[in-house]
Amino acid sequence: MARGTTSGDSASTCWRWIAKQKAGMYTGSLRSARPTGGPASCLSSVTLYYNTDIKIELQRGWVINNNGKRIETKLGMMETVVGDMGSTVKISFDGAMLYISFNGLYRLYWDGLVSAQILLGTAEPKVCGLCGNANGDPKDDHRTRYKNEVAESIGAFGDSWRIDRHHKCQPEAGRAEWDWETEFDHRKAAAIATCATMFSADQLAYCADGWELYPSAVNPAPYKEACYADFMRSDWLEGMGINPACIAAGNYAERCGNKGNKNHLWREQTGCSGTDQELEAFNA
């Protein structure tokens with residue numbers, strides 16, 4: 001199970017389930033934080049609950065909290081965590097992504113900032129939560145927690161997966177929708193140009209080529225839309241020296257890698273980090 005948190009102001013922090021296997025073997029949650037004065041929230045940590053004896057939280061800055069104890073994050077690390085009942089998970093770090101592998105093919109990826117991915121290992125696992133039911137039909141993903149009905153609104157869907165025992169979190173259902181496209185319209189042209197450059201990088205462009213025909217190719221359109229949105233409304237990240245477009249580009253690169261495409265140089269080719277020496281060797 002993975003779960004997370006949302007905060008509407010500095011005084012309230014809310015958790016929401018992002019994925020829960022119906023058999024109860026693992027659950028997860030997310031925690032999200034809202035930038036000062038902003039009407040939207042973003043992911044700030046992810047917690048994995050595996051069986052009944054492992055609880056690992058991944059926080060911003062690639063911080064690893066193992067049931068209250070800190071695990072030092074090291075480049076190239078391959079750490080095995082064993083729970084009191086004998087459950088095991090493996091944690092690795094490649095300098096850009098933290099990976100937790102558990103139950104064979106299951107994977108939880110965390111970029112150390114605002115983005116997480118969960119790979120469930122099978123085509124149609126029996127899961128529920130904010131990530132949907134993974135049945136291949138996005139139209140029925142927004143199912144409520146207890147009634148398992150398609151929610152009438154995104155807000156109602158999110159509220160149903162909220163963990164708010166102390167009633168600190170403002171309900172999302174009924175709130176006015178944030179018109180961020182109008183608010184940040186002055187950043188739209190820069191977003192389109194920046195994201196176009198990102199997704200034209202060699203390895204990302206190769207992954208997109210022929211996506212209508214080849215199973216290994218990945219449609220870049222939804223990732224580009226996410227790139228525009230991230231860039232336009234996440235100007236606060238630029239103050240931290242982070243290009244918001246790198247988040248969507250990184251998610252796309254990870255998905256390409258999931259399908260067997262080479263993605264080891266996407267950071268160098270997009271300018272999102274990486275080493276100049278490796279890129280020079282690739283271009284030689």
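**Reading loops, bridges and a helix**

Tutor: Let's start in a loop: Asn51 sits between strand E4 (42-50) and strand E5 (54-59). Helices (H or I, at least four residues) and strands (E, at least two) are DSSP runs, numbered from the N terminus. This is a predicted model, in which local features need pLDDT of at least 70 and side-chain atom pairs count only at pLDDT 80 or more, while totals for chains, interfaces and linings use all residues. Residues are numbered from 1 along each chain as its sequence is written, and side-chain values use heavy atoms, with hydrogens and water left out.

Student: What is the phi of Asn51 near?

Tutor: Most residues other than glycine have a negative phi. Asn51 has a positive phi, near 50°. Trp62 also has a positive value, near 60°, and Trp62 belongs to the loop between E5 and strand E6 (63-66).

Student: Is Trp62 buried, partly exposed or exposed?

Tutor: Buried means under 20% relative accessible area, exposed over 50%, and partly exposed in between (1.4 Å probe, protein chains only). With a relative accessible area of 28%, Trp62 is partly exposed. Asn51 is partly exposed too, at 36%.

Student: How many salt bridges does the structure hold?

Tutor: A salt bridge is a side-chain nitrogen of Lys or Arg within 4 Å of a carboxyl oxygen of Asp or Glu. The structure has three of them. In one, Lys74 pairs with Glu72, and their closest N and O atoms are 4.0 Å apart. Lys74 is partly exposed at 46%, whereas Glu72 is exposed at 57%.

Student: Which residue forms a salt bridge with Arg267?

Tutor: The partner of Arg267 is Asp94, with the closest N and O atoms 3.6 Å apart. Arg267 lies in helix H8 (residues 266-270) and Asp94 in the loop between strand E9 (88-93) and strand E10 (98-102), so this pair ties together parts that are 173 residues apart in sequence. As for cover, Arg267 is buried at 14%, while Asp94 is partly exposed at 37%.

Student: And how far apart are the closest N and O atoms of Arg162 and Asp159?

Tutor: In that salt bridge they are 3.4 Å apart. Both Arg162 and Asp159 are buried.

Student: How many residues has helix H7, and what does its span reach?

Tutor: The expected span of a helix is 1.5 Å times one less than its number of residues. Helix H7 (residues 245-258) has 14 residues and reaches 20 Å from its first C-alpha to its last, close to the 20 Å expected.

Student: Why is H7 described as largely enclosed by the rest of the structure?

Tutor: H7 is described that way because 11 of its 14 residues are buried. Among them are Cys246, Ile247, Tyr252 and Glu254. Just after H7 comes Gly260, where phi is positive at about 90°.

Student: Where is Pro171?

Tutor: Look in the loop between strand E14 (162-163) and H2. Pro171 is partly exposed, with a relative accessible area of 43%. Distance along the chain and distance in space can be read side by side here: Pro171 and Gly158 are 13 residues apart in sequence and 8.8 Å apart in space, C-alpha to C-alpha.

Student: You mentioned H2. Is Glu183, in that helix, buried, partly exposed or exposed?

Tutor: Glu183 lies in helix H2 (residues 180-183), and at 44% relative accessibility it counts as partly exposed.
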